[in-house]
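The following exercises are to be worked with the sequence and the structure at hand. Each task is followed by a solution in steps.

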Amino acid sequence: MHAYIKLRMDSSSPAISIHYNYLIQSAIYAALPEDMASRLHDGGFKSGKRSFKMFSFSRLLGRFSLDRTAGTIAFPEGVSLVITSPDTEFFLSLINNLLTKSSVRLGQSLFYVEEVRFDEQKAEGDVLTVRTLSPVVAYSTLLRPEGGKYTCYYQPGEREFDRLITANLAKKYEAFHGRRAPEGEIRARPLNRPRLHVTSYKDTVVKGYTCRLRLNGPRDLLQMALDAGLGGKGSQGYGCVEKV
């Protein structure tokens, strides 16, 4: 399920940090009932040793004013936010709260909720074309020969990218549905040149890519990509996609 939320920034509010993923994530948790927020934040849906929050969200979409010196961004003409999840209970609780309060805070800035629109997007077969609404993250943590660890990020079109997004979707499927994921691999073909985005989440540098992608693979895994996000760090604001 996709929720398209139209927001208007209060004219007296300060601009927000250009690295705003944590602000949106915090606002989402704040809009949930306390018990649900705690359950998701502290545990979520588990598959083996992994746990997943089962939601993703887009970048703030709209015309903006950027102050690179201050590291802030403002949206004088309004902005849209897309939130996706396969969890109906999460969706109903979140949207009911947003509509009831009619506003949301991102840090010190106030945004008014002007409109909420739902779209139940379906993967119809083993081929799905998507548009990335926030960067897709696929990475491995590797050991240096001399000791220590480093993170290697992969982009659409690389073999390791396909392997990692397939493994991630399979674990999400098993965590949410409580049964073994369908066999088969997701293959992602970029339809335009992938664009690298270097962002920061709670002072940690994260690298991801945006582009249009044609995905081939098991329908149930493609559906999980639509609903729970493609790649890692979905609940931190990465991997949100919509059907083209």
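The model is predicted.

**Exercise 1. Overall form**

Solution. 
- Step 1. The extent of the C-alpha trace along its principal axes is about 50 × 40 × 35 Å.
- Step 2. Of the 244 residues, 50% count as buried. The protein exposes about 12,400 Å², and carbon and sulfur atoms supply 47% of this area.
- Step 3. Among contacts with a separation of 6 or more, 71% are between residues 24 or more positions apart. The secondary structure consists of 5 helices and 18 strands.

**Exercise 2. Helix α1 and N21**

Classify N21 as buried or exposed, and state which elements the buried residues of its helix pack against.

Solution. 
- Step 1. N21 is located in helix α1, which covers residues 21-30.
- Step 2. The relative accessible area of N21 is 11%. The cut-off for buried is under 20%, and N21 is therefore buried.
- Step 3. Beyond residues up to four places away in sequence, N21 touches F57, Y201, Q236, G237 and Y238.
- Step 4. The buried residues of α1 are N21, I24, Q25, A27, I28 and Y29. They pack against the helices α2 (34-42) and α3 (88-101), and against the strands β5 (56-57), β8 (79-84), β9 (103-106) and β15 (195-201).

**Exercise 3. A sheet and a surface patch**

Give the strand order of the open sheet of 3 strands, and state which residues make the nonpolar surface patch of about 260 Å².

Solution. 
- Step 1. The order is β2-β7-β6, with antiparallel pairing.
- Step 2. β2 and β6 (65-67) each pair on one side only, and they are the edge strands.
- Step 3. Between β6 and β7 (residues 72-74) there are 3 bridges in the antiparallel sense. S65 stands opposite A74 of β7.
- Step 4. The patch is made by I18, F64 and L66.
- Step 5. I18 lies in the loop that runs between β2 (16-17) and α1. Because its relative accessibility is 36%, I18 counts as partly exposed.

**Exercise 4. A hairpin**

State how many residues lie between β12 and β13 in their hairpin, and which turn residue has a positive phi.

Solution. 
- Step 1. Strands β12 (residues 139-143) and β13 (residues 149-153) run antiparallel and are joined by 5 bridges.
- Step 2. T141 has T151 in β13 as its bridge partner.
- Step 3. The hairpin has 5 residues between the strands, and G147 in the turn has a positive phi of about 110°.

Methods:
Residues are numbered from 1 along each chain as its sequence is written. This is a predicted model: local features need pLDDT of at least 70, side-chain atom pairs count only at pLDDT 80 or more; totals for chains, interfaces and linings use all residues. Side-chain values use heavy atoms; hydrogens and water are left out. Buried means under 20% relative accessible area, exposed over 50%, partly exposed in between (1.4 Å probe, protein chains only). Helices (H or I, at least four residues) and strands (E, at least two) are DSSP runs, numbered from the N terminus. Contact means heavy atoms within 4.5 Å. Patches are made of residues with over 30% relative accessible area and no salt bridge: like charges are joined within 9 Å, nonpolar side chains (Val, Leu, Ile, Met, Phe, Trp, Tyr) within 5 Å. Accessible areas come from the Shrake-Rupley method with a 1.4 Å probe; for residues, only the protein chains shown count as cover. A salt bridge is a side-chain nitrogen of Lys or Arg within 4 Å of a carboxyl oxygen of Asp or Glu. Two strands pair if DSSP finds at least two bridges between them.
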